[in-house]
Amino acid sequence: MERTRVAIVGGGPAGYVAARRLGQLGVEAVLVERGELGGTCLNEGCIPTKALYAATSPLGHREAFARMGISLSPQVDAARLRTWLSEVVGALRGGVGKLLAQAGVDVVSGEATLVGPGRLRVRAPTGEEGIAADAVVLATGSTPIELPGLPFDGERVWSSTDALLLPRVPDRLLVIGGGVIGLELGTVYRRLGSAVVVVELLDRLLPGVGVSRRGEALLRRALAAQGIELRLGARAEGLTADGVKIRTANGTEEVPADAILVAVGRRPNVDGLGVEAVGARVERGFVVTDDGFAAAPGLYAIGDVRGGWMLAHKASHEGLLVAERIAAPSAPPAGEAAPVIPQAIFTQPEVALVGVPIDEATAQGLRVGRFPLAALGRAWAQGEIGGHVQVAADAAGKVVGAEFVGPHASDLVAEATLAIQAGLTVRALAETVHAHPTFPEGLWEAALALLGRPLHSG
Ligand code: NAI
């Protein structure tokens, strides 16, 4: 039996970050991973999606360029694109392995189960071994949810993992779920040439995200203009010979499809972990922890398996915090205040938000400033004026929320995140000189609008 101070189960953005930080802090650590280092995000999530998003970008901007007098007729070599995706993922995965090795972390391949407090059994094709540790960190992530009547088969019914392997570009792709994954993947397959229909149960897109009604309407219009058909208020109920049966307020109908992507959420990976055996509680599938990530004495859980936002950066943040806590248990907790977690959604246009959702801020009577990209010089120069920036402030004038819809929204949200985290006021944003002509001027203009001093907007 191998003995170590800390055993981490799962090598995704939560687990590998915790392991590296523990190693850097001089704490002996073993990381157990049943698949590939990097987890869902690196291997079958954030990274390949963004690689596909970037690769297909010229296809998504053909019309904007045509208006400028530049005509593009891109040819897609799907085999080369697949190879490129795996090169990107492979390079980053190799990097994670090196970072862990540099920090002195021992990586064990296999599937771990808790068999008692601080004791793991690890099964690998080569055999079984035991690990005894003073502390165990669970960072096992999550898995796409299947719909009854629509089991994943990788051929006709895809999970996001299947879709990211780019098995083919179907003539007709039906996406079930107008959430983050459905819209990101629907966008890239549309760019590649599929006729895409998105079926969403609720009456709006991205219902779980907190984007404002106005922001959602901007996105809906843009997706429709790209030729993505949106079926809101429609429940996918099962497979038919030629597609999927959906139920709407008007009854049921069949939507034909050559491939079906089911993107209706993810569930935490808890099965077979043995958490109950060591006294940890599981609620609605998630491992229950206290604010310091402790699930039971000597047992911690971080990332998707613990719940909250299922986001890689939230998982990594928890990885850093848990490592510091384990390395110095008596030190005061590092992240006393709840962290400010931005969200970034890679549709066209991108959507990003942080803090109090804008519609919630309005409902609470907080002040909100809005600036449409149609009034931004840089947006005109780039041919992309569909979008906006919104910012909300509390009674003391502090920035509490922001929403970006438009080009580079995923990057722009960083300034607002810092403003909220640092307790900055909207006045501070308004007094900061922003380079012209750039997209960050949108936040500055929204701040000016909130203060009743709009410059380029009405
Ligand atoms: P989601 O929860 O964002 O969206 C699922 C959607 O499916 C919901 O809108 C729901 O109403 C709909 N739905 C459920 N059952 C349905 C049915 N039978 N018929 C039609 N619609 C149905 O889940 P998603 O997109 O799978 O993402 C999973 C998680 O991964 C989320 O927590 C998300 O935040 C995270 N993620 C975040 C990314 C980002 O921030 N860029 C990228 C990828 C994933």
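A residue counts as buried when its relative accessible area is under 20%, as exposed when over 50%, and as partly exposed in between (1.4 Å probe, protein chains only). Keep that in mind as we walk through this predicted model, in which local features need pLDDT of at least 70, side-chain atom pairs count only at pLDDT 80 or more, and totals for chains, interfaces and linings use all residues. Residues are numbered from 1 along each chain as its sequence is written, and side-chain values use heavy atoms, with hydrogens and water left out.

**Aromatic pairs**

A pair of aromatic rings is described by the distance of the centres and the angle of the planes. Rings of Phe, Tyr and Trp (its six-membered ring) pair if their centres lie within 6.5 Å; planes under 30 degrees apart are stacked, over 60 edge-to-face, and the rest tilted. How many aromatic pairs does a search of the whole structure find? There are two.

| Pair | Centre to centre | Angle of planes | Type |
|---|---|---|---|
| Y53 and F346 | 5.7 Å | 80° | edge-to-face |
| W158 and Y189 | 5.5 Å | 50° | tilted |

Y53 sits in helix α3 and F346 in the loop between β21 and β22, 293 residues apart. Helices (H or I, at least four residues) and strands (E, at least two) are DSSP runs, numbered from the N terminus. Both Y53 and F346 are buried. In the other pair, W158 belongs to strand β8 and Y189 to helix α8, 31 residues apart. Why does Y189 count as buried? Because its relative accessibility is 0%. W158 is buried too, with a relative accessible area of 0%.

**Strand β15 and its partners**

Strand β8 leads us to β15: the two pair in the parallel sense over two bridges, and two strands pair if DSSP finds at least two bridges between them. V157 has I260 as its bridge partner in β15. Strand β9 also runs parallel to β15, joined by four bridges, and here V175 is partnered with L261. Are the residues of β15 buried or exposed? On one side A259 and L261 are buried, and on the other I260 and V262 are buried, leaving both faces covered.

**Helix α1 and its cover**

In helix α1 (residues 15–24), the buried residues include V17, A18 and L22. Their cover, judged by contact (heavy atoms within 4.5 Å), includes β1, β2, α6 and α10. Just after α1, G26 takes a positive phi of about 80°.

**A residue in a loop**

I70 lies in the loop between α5 and α6. I70 is partly exposed, because its relative accessible area is 45%.
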